[in-house]
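Student: I would like to go through this structure with you. Could we begin with the record and then turn to the fold?
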Amino acid sequence: MCPLPLAAAAVAAPRAPLRLLGRGLTAAMSTARPLISVDYEVFGKVQGVCFRMYTEGEAKKIGVVGWVKNTSKGTVTGQVQGPEDKVSSMLKCSGLI
């Protein structure tokens with residue numbers, strides 16, 4: 001289920017402090033498929049609604065890794081890494097595409 005339809009844009013953001021996603025890097029790396037990495041920034045009502053926890057849970061289910069953090073601008077930035085099909089699934093489920 002994907003309850004948060006949101007708009008997103010690519011961003012180059014500082015990477016600390018952050019919350020790691022899908023802590024098992026081995027899961028994403030144990031494939032022969034090419035890996036991709038996508039940076040994102042989510043705008044809208046994303047702080048105070050457990051968006052980071054939701055994103056971490058979805059990343060674990062889908063099998064991707066990365067990081068996510070709140071910004072001082074009231075947005076959420078992050079990076080998701082893994083096989084292209086899984087990254088696409090994560091972005092769709094999170095409302096990023």
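Tutor: Before we use the record, please note that UniProt positions are given in the numbering used here, feature names are shortened, and annotations may be inferred rather than shown by experiment. Please also keep in mind that this is a predicted model.

Student: Which residues does the "active site" annotation cover?
Tutor: According to the unreviewed UniProt entry, the "active site" annotation covers Arg52 and Asn70. They are spread over 19 residues of sequence, yet they cluster in space, with a largest C-alpha distance of 8.0 Å.

Student: Where is arginine 52 placed?
Tutor: Arginine 52 lies in helix 2. Its relative accessibility is 28%, so it counts as partly exposed.

Student: And where is asparagine 70 found?
Tutor: Asparagine 70 belongs to strand 4, which covers residues 65-70.

Student: What does asparagine 70 touch, leaving out residues up to four places away in sequence?
Tutor: Asparagine 70 touches Gln47, Arg52, Thr75 and Val76. Arg52 is the other residue named in the annotation.

Student: Changing topic: which residues of helix 3 are buried?
Tutor: In helix 3, residues 84-93, the buried ones are Val87, Met90, Leu91 and Cys93. In general, residues three or four places apart in an α-helix point the same way, because there are 3.6 residues a turn.

Student: What covers those buried residues?
Tutor: The cover includes strand 3 (35-43), helix 2 (51-62) and strand 5 (76-83).

Student: What comes just after helix 3?
Tutor: Glycine 95 is found there, with a positive phi of about 80 degrees.

Definitions and conventions
Residues numbered from 1 in each chain as written. Predicted model: local features only at pLDDT ≥ 70, side-chain atom pairs only at ≥ 80, totals over all residues. Heavy atoms only, no water. Buried < 20%, exposed > 50% of the residue type's maximum accessible area, 1.4 Å probe, protein only. Helix = DSSP H or I, 4+ residues; strand = E, 2+ residues; numbered from the N terminus. Contact = heavy atoms within 4.5 Å.
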